[in-house]
Amino acid sequence: MTDNELVTSCLQGRLDSYRELMARYSRYAMTVAWNVLLNREDAEDACQEAFLKAFRNLGSFDSRRSFKNWFYALLTNLCLDGIRKKKRSRELAVRYAREVPVEMHMSPDPSSAPAAFQFEWLRSLTPKERLALYLWSQEEYSGAEIAAVLGCSQNTAHVHLFRARQKLKTAMKEA
Amino acid sequence: MNRCRTAKFLQRLLLFRSWRVLLLRRHWQQCPDCGKGLAAAEEAGKATFSAAEIGPVKDFWPDFALSLEREKSPRKPSIWFRQRWWLGTAGLAAAGLALAVALLTGPPPPAIPDLTVKIRIQSMSIYDKPAQALIFQTPDVERTFIWVEQFNKGDKL
């Protein structure tokens, strides 16, 4: 069954279809979230929330579109929201608890980190740049598809990708 | 790679996936532009995490099903809470009943004797002129003061 057939089936009340969709996209969703958030726990939370939100909003999904891109867009928004919230709480922590040392960068889980240098390289990029780079290099997305996921114009998506590649080259040279 | 017209043509127009993959691969090996694009993508791929690199993935289904279950059924009060509610209601009913029985069957309250002194002044005059009187009842039942003063013009009785 295709993704959109599973969505239709799910809308007809078959919950197993959604379970199938979840099984199909768990790993991809986790990879996207991991690349954006650079942290396993946050990525898992984002994925869990994204699956629930997608299920609630399944009725508004346009079956002519790709479910994968729609879901990635939803997941990306949740990841970016998560980063914003985290940043805000860090700023508050810095403002009101100066005596408490606050780590200002994302902390990857060292036990599950595939390679530390990847984190270093990716940290030099913004979350949107990381996502654009991931979608382009790992999932072979075109500029239009990246734009659909990021919710921006195609030109902006190309700019994100271009900057990501430039920064990455610099980071790789420095390493 | 995305700018190469031949690659775009192959991607769009070839119907069979196997042909498309085969011809695209051959084209990429020969085309210098596509080669550069591939190399760049490969380089970028080294920096990003692939699906294979992230290790075992959590099964999201159990928590998802739990969330759905919670949404479907609103929270029911626990058995203990429900028992307490019943106990409280029963206690209140018993107390009400006891009060009603006590009121209906108990002895009548003793009559309180009327000890107040009733004073009524019909008229008051000082040197044949009308005067006004004020009666002060003190807390002491046995004492009452009467204040009489001359009535001036314009005063109200």
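**Reading the sheet and the helix crossing**

Trainee: In this predicted model, three strands of chain B form an open sheet in the order β1-β2-β3, with antiparallel pairing. What makes β1 and β3 of chain B the edge strands?

Mentor: Each of them, β1 (125-126) and β3 (144-150) of chain B, pairs on one side only, and that is what an edge strand is here.

Trainee: How do you know that β2 and β3 of chain B are paired?

Mentor: Two strands count as paired when there are at least two bridges between them, and seven bridges join β2 (residues 129-137) of chain B to β3(B), so the pair meets the definition. One example is Ala131(B), whose bridge partner in β3(B) is Gln150(B).

Trainee: Where do these strands fall along chain B, and how many helices go with them?

Mentor: Chain B has five helices and three strands, and from the N terminus on its elements run α-α-α-α-α-β-β-β. Of the 157 residues of chain B, 4% count as buried, a label that requires 20 or more other C-beta atoms within 10 Å of a residue's own.

Trainee: How many residues does each chain bring to the contact between chains A and B?

Mentor: Chain A brings 28 residues and chain B brings 20 residues. On the side of chain A that touches chain B, the elements giving two or more residues are α2 (15-37), α3 (40-56), α5 (116-123), α6 (127-137) and α8 (154-174) of chain A.

Trainee: Which of those elements gives the most, and how do the residues on that side divide by type?

Mentor: The most comes from α2(A), with nine residues, and the side of chain A that touches chain B divides into 14 nonpolar, ten polar and four charged residues.

Notes:
Residues numbered from 1 in each chain as written. Chains lettered and ligands numbered in written order. Predicted model: local features only at pLDDT ≥ 70, side-chain atom pairs only at ≥ 80, totals over all residues. Contact = placed C-beta atoms within 7 Å. Helix = DSSP H or I, 4+ residues; strand = E, 2+ residues; numbered from the N terminus. Nonpolar A, V, L, I, M, F, W, Y, C, P; charged D, E, K, R; others polar. Buried ≥ 20, exposed ≤ 12 C-beta atoms within 10 Å, placed from the backbone.
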